[in-house]
Amino acid sequence: MTEDQTLGTALVTGASSGIGAQYARQLAGRGWDLVLVARRADRLSALAARLREDTGVTVGTVTADLAEPADLARVEARVAADDVALLVNNAGINGYGPFTEVDPGLLAKVLAVNVVAPTALARAALPGMVARGRGAVVNVASLLAFAGGLPPGPLPHRAVYGGTKGYMVTFTRTLAAELADTPVRVQVVCPGLTATEFHLTAGEAPVPGEERVHEEGGMSPADVVTASLAALGTREVVCVPGLADADAVERLAAAELAVRRGSGASIAGRYRSAERSEA
Ligand code: NDP
């Protein structure tokens with residue numbers, strides 16, 4: 001099975017640069033009609049014009065700040081329409097910085113863009129997909145979803161960003177289990193460092209001017225999207241584009257089960273002894 005069996009309209013958030021623009025290019029190349037969503041209207045209309053010319057597919061644009069409830073509501077209405085067979089929740093910002101110093105307003109925006117918006121869009125899209133018996137949702141997380149056990153350096157300070165991407169992983173895996181007896185597919189893709197303009201801004205405002213690539217480099221967005229679309233075909237729920245040993249994801253699930261199954265109804269012994277020594 002390939003994702004092309006659900007051809008229709010794909011709505012891609014964060015399509016004005018990087019990984020999102022690459023989803024748009026590859027999906028248009030496969031014959032998908034598109035709705036491109038982001039804040040930078042000029043970038044969206046330039047990409048839409050190019051894709052129409054190169055591929056002949058229909059491309060619409062929605063200029064929206066996904067952290068703004070009224071804008072999000074417009075995108076929810078569009079993604080709920082009958083023609084949408086694929087939602088790519090790709091828009092994301094990092095808000096990196098030491099937790100005690102980062103502007104709380106920026107952190108709220110990270111949560112709004114990385115968690116609230118993709119959840120709301122999936123909630124808007126999925127009832128129709130399930131009713132029509134076809135469709136897919138791809139959520140873009142990050143390898144940093146799995147970085148809770150690592151020290152900050154050399155990685156950026158990322159408590160909230162990592163938390164939002166961890167949410168995307170748990171949300172998607174749990175939803176995949178819930179929808180397992182439907183033809184609708186859900187995937188979370190976890191790129192490592194990717195060569196986009198992601199690190200050029202914390203995310204409050206878009207990067208101005210022409211599309212650029214941050215100095216940190218990384219995997220090409222084309223490879224990330226190639227992996228994600230291939231994984232849709234195989235129904236792999238957790239797609240890690242750079243991970244050669246796919247069993248590592250199974251081992252992670254097994255470790256989670258050990259924590260759950262090893263946890264009983266009575267308090268663990270080490271906490272009881274702490275209680276005694278405090279008394
Ligand atoms: P880019 O910065 O190139 O792309 C981010 C996209 O999100 C842009 O199109 C931007 O458009 C859009 N966006 C940001 N804020 C908003 C907003 N408030 N409303 C609507 N759209 C918004 O980075 P990437 O392509 O790298 O990032 C795409 C995804 O990949 C993100 O979710 C990121 O977390 C994830 N990722 C990236 C990695 C990397 O190393 N690059 C690694 C792992 C995951 P605009 O500014 O026009 O609104």
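How many residues surround the ligand, and which are the closest?

Modeller: This is a predicted model, in which local features need pLDDT of at least 70 and side-chain atom pairs count only at pLDDT 80 or more, while totals for chains, interfaces and linings use all residues. Residues are numbered from 1 along each chain as its sequence is written, and side-chain values use heavy atoms, with hydrogens and water left out.

The ligand is surrounded by 32 residues, and the closest are Arg39, Arg40, Asn90, Tyr161 and Thr196; a residue is near the ligand if one of its heavy atoms lies within 4 Å of it. Sorted by class, this shell holds 15 nonpolar, 12 polar and five charged residues, where Asp, Glu, Lys and Arg count as charged, Ala, Val, Leu, Ile, Met, Phe, Trp, Tyr, Cys and Pro as nonpolar, and the others, Gly among them, as polar.

Some polar contacts (pairs of N or O atoms within 3.5 Å) can be picked out here. The side chain of Tyr161 has an N or O atom 2.6 Å from an oxygen atom of the ligand, and a backbone N or O atom of Ile19 lies 2.8 Å from a ligand oxygen atom. At Leu66, a backbone N or O atom is 2.9 Å from a nitrogen atom of the ligand. Taken alone, the ligand exposes 880 Å², and the protein buries 97% of that, with areas from the Shrake-Rupley method and a 1.4 Å probe.

The ligand takes up the space of the largest pocket. A pocket is an open set of points, on a 1 Å grid over the protein atoms alone, with protein on both sides within 12 Å along at least five of seven lines, where a 1.4 Å probe fits, and a molecule sits in a pocket if more than half of its atoms lie within 2 Å of its grid points. Two or more residues of the shell come from each of the elements α1 (18-29) and α5 (159-178); helices (H or I, at least four residues) and strands (E, at least two) are DSSP runs, numbered from the N terminus.

Most peptide bonds are trans.

Definitions and conventions:
A polar contact is a pair of N or O atoms within 3.5 Å; within protein, one must be able to donate a hydrogen and the other to accept it, and residues adjacent in sequence count only if both atoms are side-chain atoms. On a 1 Å grid over the protein atoms alone, a cavity is a set of points where a 1.4 Å probe fits but cannot get out, and a pocket is an open set with protein on both sides within 12 Å along at least five of seven lines; lining residues have an atom within 4 Å of a point.
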